[in-house]
Amino acid sequence: MVNKITVESLTYEQLAKVFDHAILKPEQTKQDVVTGCELAKAYDCKSVCVKPCDVKQASALLAGSRVLVGTVISFPHGNSPTSAKVAEAVQTVLDGAIELDVVINIGLLKSGQVQECQDEIKAVIDACHAKNPNVVFKIIFENAYLTKDEIKQACQLSVAAGAHFVKTSTGFASSGATLDDIALMRANVPDHIEVKASGGIKTLDQVVALLNQGATRCGSSSTDKILDEFKQRRGL
């Protein structure tokens, strides 16, 4: 049996490296990108996740740091045609992104066109890997709109397309990460595929519960509050 993760069993670095600090709200400004990148460096997060138009700025701000630059593709609805998703993704890689969170075409999946969804994701991954083979892909499902069977299908097609992570949500739908969905996703991808929780993650206990269900990364705009709570509870 795997040992249960607790606040006491985690080191600060282990917890900090779970976080992709989100700077994704449409009203956030260039100054918010500066503030968010400085926060991510100060707290030693795994990455920032910024809007595609902010990737070049974030890359400059984080050059020489341990914080990776991530972004989102066809966000938040996944509705762009494949050619547009490919073009957007390639541009962000050229601008310095190393982790891409790509929204699946939700309507296509719910129409039963699973192969088309898989082919689209593969096209995005292949085009970006031609520019930089080290780019990491996380596929956003937006589970609030999906049935359990559709979540399973999304897991399978993401793996087949070459993704590295499956991800619950954008944070812009009616609900975000749930413990049941994390467990379902973890059970439907191989061990080498990671699971990212996102949407409504605001407390330390919530993060620990998600980790115990199989999440290995969390997207949140409350990164500093959660890590401050950890330091306070651990007396650091």
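Sorted by class, the residues lining the largest pocket are five nonpolar, 10 polar and five charged. The model is predicted, so to speak of local features a pLDDT of at least 70 is needed, side-chain atom pairs count only at pLDDT 80 or more, and totals for chains, interfaces and linings use all residues. Residue numbers start from 1 along each chain as its sequence is written, and side-chain values use heavy atoms, with hydrogens and water left out.

| Element | Residues |
|---|---|
| strand 1 | 19–23 |
| strand 7 | 194–198 |
| strand 8 | 217–220 |

In total, 20 residues line the pocket, and Ala 22, Thr 170, Gly 171, Ser 220 and Ser 221 lie nearest its centre.

Now to helix 2, which covers residues 30–43 and has 14 residues. Val 33, Gly 36, Cys 37, Leu 39, Ala 40 and Tyr 43 are buried there (under 20% relative accessible area, with a 1.4 Å probe and protein chains only). Viewed down the axis of helix 2, these buried residues fall within an arc of 160 degrees (taken from the directions from the axis to the C-beta atoms), so they line one face of the helix. Among the elements covering them are helix 1, strand 1 and helix 10.

Finally, Met 185 sits in helix 8 (residues 179–187). Met 185 counts as buried because its relative accessibility is 0%. Leaving out residues up to four places away in sequence, Met 185 touches Phe 141, Asn 143, Ile 151, Cys 155, Val 166, Lys 167, Thr 168 and Val 195 (heavy atoms within 4.5 Å).

Definitions and conventions: 1 Å grid on protein atoms, 1.4 Å probe; cavity = no way out; pocket = protein on both sides within 12 Å on 5 of 7 lines; lining within 4 Å. Helix = DSSP H or I, 4+ residues; strand = E, 2+ residues; numbered from the N terminus. Nonpolar A, V, L, I, M, F, W, Y, C, P; charged D, E, K, R; others polar. Expected span 1.5 Å × (residues − 1). Buried < 20%, exposed > 50% of the residue type's maximum accessible area, 1.4 Å probe, protein only.
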